[in-house]
Amino acid sequence: MKDDKGKLGVKHLGTLANKACNGIHWSPMGHNIVLSGLKALNGQLEFFNVDEFEVLAAAEHFMATDVEWDPTGRYVASSVTSIHQMENGFNMWSFNGKLLYTMPRDRFGQLSWRPRVPSLLPREKEEEIRKGLKEYSRRYDEEDEALLLQADADVLQERAKQQQEWDAAAAARQEYAAQLRAFYEATYGEAAKEKEYSMTTVVVEQLLDVREEPYNV
């Protein structure tokens, strides 16, 4: 409702033609709408971004009777109320038309969203944050990347510590084994040099049956 100079006014953005639609549902945050074909149109849903003037997704909730946005403008619920005897329940969608989950409910009457708690920030601060959202996103992405790198470094450091502990324990066992071997050789002399085991291969042949049969020429 503003012109190119930011003054109040009405500007024609475009026209959508040939749409099976009997309901238009604006997001409370603006920017997005859901075009719905409810009841007789069997629940056709089209998620549309007005700023870019493009269809985000097309979907269907068979026999849907109602569409409700949540106060944040991030989720949309489509429902089939008990005016129909079948398919009662609701579907939950993201703002861009991704089906999140389905909840069947017999004799379903109505879906109502809890009101959103008022913001603690003044409107001017909200506008400032909204305008600088890309910069905030870039900064937060960099912070997230730094945290991931730090987490990876912590994992590598912990693995190096465990490797050092294992090497130290293995070295200690090798020293103990060497001392034990020296004691064994000192105690048993030449016998200590003999192998602790020997392998012998034994082949056994067994005659199972002998038959004599005449040979006819």
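I was working with a predicted model, in which local features need pLDDT of at least 70 and side-chain atom pairs count only at pLDDT 80 or more, while totals for chains, interfaces and linings use all residues. Residues are numbered from 1 along each chain as its sequence is written, and side-chain values use heavy atoms, with hydrogens and water left out.

**Entry: the loop between β5 and β6**

I began with G73, which sits in the loop between β5 (66-69) and β6 (75-80); for such labels, helices (H or I, at least four residues) and strands (E, at least two) are DSSP runs, numbered from the N terminus. Is G73 buried or exposed? I noted a relative accessibility of 10%, so G73 counts as buried, where buried means under 20% relative accessible area, exposed over 50% and partly exposed in between, with a 1.4 Å probe and protein chains only. Not counting residues up to four places away in sequence, G73 touches S27, P28, M29 and F95. I also looked up the separation of G73 from N216, and found 143 residues in sequence and 103 Å in space, C-alpha to C-alpha.

T72 is found in the loop between β5 and β6 as well. I recorded a polar contact between the side chains of T72 and D70 at 2.5 Å; the term covers a pair of N or O atoms within 3.5 Å, where within protein one must be able to donate a hydrogen and the other to accept it, and residues adjacent in sequence count only if both atoms are side-chain atoms. The T72 side chain also reaches the backbone nitrogen of R74, at 3.3 Å. With neighbours within four places in sequence left aside, T72 is in contact with M29 and R116.

**Entry: the largest pocket**

I then asked which residues are closest to the centre of the largest pocket. The space in that pocket is about 760 Å³, and 20 residues line it, the closest to its centre being M29, T72, R116, E126 and R130. Helix α1 (residues 123-131) supplies the largest share of the lining, five residues. For the record, the search runs on a 1 Å grid over the protein atoms alone, and a pocket is an open set of points where a 1.4 Å probe fits, with protein on both sides within 12 Å along at least five of seven lines, its lining residues having an atom within 4 Å of a point. Grid points are joined across faces, edges and corners, and the volume is the space filled by probe spheres set on the points.

**Entry: positive phi values**

N18, in the segment before β1 (23-26), has a positive phi of about 60 degrees although it is not a glycine. I found N18 exposed, at a relative accessible area of 82%. K39, in the loop between β2 (32-37) and β3 (44-49), is another residue other than glycine with a positive phi, near 55 degrees, and its relative accessible area of 49% makes it partly exposed.

**Entry: two strand residues**

V34 lies in strand β2 and is buried, with a relative accessible area of 0%. Leaving aside neighbours within four places in sequence, I listed its contacts, among them I24, L45, F47, V67, W69 and V76. The C-alpha atoms of V34 and A58 are 9.6 Å apart, across 24 residues of sequence.

N91, in strand β7 (residues 89-94), is buried at 7% relative accessible area. I noted a polar contact of its side chain with the side chain of T102, at 3.2 Å.

**Entry: helix α2**

How many residues does helix α2 have? I read 56 (residues 133-188), reaching 81 Å from first C-alpha to last, close to the 82 Å expected at 1.5 Å a residue, the expected span being 1.5 Å times one less than the number of residues. Within α2, E142 is partly exposed at 45%, and 58 Å separates it from R181, 39 residues away in sequence, C-alpha to C-alpha. G189 follows α2, with a positive phi near 65 degrees.

Notes:
Contact = heavy atoms within 4.5 Å.
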